[in-house]
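Here are a few friendly notes to read with the structure open beside you.

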Amino acid sequence: MTRPPTLFAAATGPRRTVAAIVCLALLAWLPSAPAATTCTASSTALSFGSTSGAGNVDSTATVTVECSTSGLSLLATARVRMCLNIGAGVNGGGSTAPRRMTNAFGDPMQFQIYSDPARTQIWGDSLIAATPTPVPIDLEYSVPVLGGSGSASATMQARIPVQASLAAGAFSNPFSGIHTRLEYRYAEQLLGTPPYPASCTSGGNGGGTASFPFTATATVPDNCTIGSATTLDFGTVGGAVATDVEQTSTITMTCTQRTAWDVALDDGQNASGGVRRMRLGASADYLDYELYRDAARTQRWGATPGTDTEVGTGTGSAQALTVHGRVPAPQSVPAGAYGDVITVTVSY
């Protein structure tokens, strides 16, 4: 006996109907368009430490970009094309070639930010004609059902070049507000991988901007070096010292610009009772003399700061100080060569 075929048809019909309903419900649940992507950026500080200007000083900082896309219904990939722009900075005076930092007095220090380790390609801003060279980054990441995110980074390769006559002080340049700018455009779709946007400012599904503020800093320490101190030669005196004998010598030194200095002269090796003396060889014979800060020889040059020392401020170039000497009259001493040694001390 043969089973009626209508039983089989009745069983399969409803299953097809149920499957069709499930598919229609799934399609109705899918969103009509991809969700938006948002990108943010941050940077570490750009710190050079201490420099005198005598040699190159290099430093680095890192800019990190993070992008996030909210949930899509099916597995997909987001692509973001971005540009990192760096301008002149708050204290840059509008210049990016070279860039500059300043201290509390407004004294400048040149530096530069590059995008390559060789430090040949300036990291610039597309809106600045002199350096229209932002750093481009392409970022791709997966976006599953509940959303996805990705990150990328770029390294600032910075340098303070050799430069003379730097002023002392703490230098800085804040890159805030309009002086840093992340520009980005993103592309996303429900399935698969979309092409990258045409640029960081056009194409794709959308885009935006963000900033990544940081501060460049460096310190120039106070510093002084003594270049020379000439001999104070009173010459030859025939017989007793009947009239004052006066001569000069010169101390040459170089101090960093704006470095406050204080120059002291000790009393020498043979002083007695606050009176400087030259000695005849290893004998017990001495010739009195004195050193002064002024040509009139009224201001004794000694070693007590704030009282009888010479003070000034560095210029970054060599500075010459004149020592005014006198052998006072009357004095009568045995003939011979008299001498003394004075120690010059520069405090800063």
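**Notes on disulfides and rings**

1. The link of Cys224 and Cys255 is right-handed, with 115 degrees about the S-S bond. Cys224 belongs to strand S13 (residues 224-229) and Cys255 to strand S14 (residues 245-255), so this pair ties together parts 31 residues apart in sequence. Please bear in mind that the model is predicted. The two sulfur atoms are 2.0 Å apart. Cys224 counts as buried at 10% relative accessibility, and Cys255 counts as buried at 1%.

2. In total the structure holds three disulfides. Counting bonded cysteines along the chain, they follow the pattern 1-2, 3-4, 5-6.

3. Another disulfide joins Cys39 to Cys67, at 2.0 Å from S to S. Cys39 sits in strand S1 (residues 37-43) and Cys67 in strand S3 (residues 57-69), so parts 28 residues apart in sequence are tied together. The S-S torsion of Cys39 and Cys67 is about 110 degrees, so this disulfide is right-handed.

4. Which hand does the disulfide of Cys83 and Cys200 have? The torsion about its S-S bond is about -90 degrees, so it is left-handed. The pair links distant parts of the chain, 117 residues apart: Cys83 is in strand S4 (residues 76-86), while Cys200 is in the loop between strand S10 (180-187) and strand S11 (206-210). Both cysteines, Cys83 and Cys200, are buried.

5. Now to the rings: a search of the whole structure finds four aromatic pairs. Phe48 and Phe111 form an edge-to-face pair, 6.0 Å centre to centre with 70 degrees between the planes. Ring pairs also link Phe48, Phe111, Phe175 and Phe214 into a cluster.

Key. Residues numbered from 1 in each chain as written. Predicted model: local features only at pLDDT ≥ 70, side-chain atom pairs only at ≥ 80, totals over all residues. Heavy atoms only, no water. Phe/Tyr/Trp six-rings, centres within 6.5 Å; stacked < 30°, edge-to-face > 60°. Disulfide = S-S within 2.5 Å. Helix = DSSP H or I, 4+ residues; strand = E, 2+ residues; numbered from the N terminus. Buried < 20%, exposed > 50% of the residue type's maximum accessible area, 1.4 Å probe, protein only.
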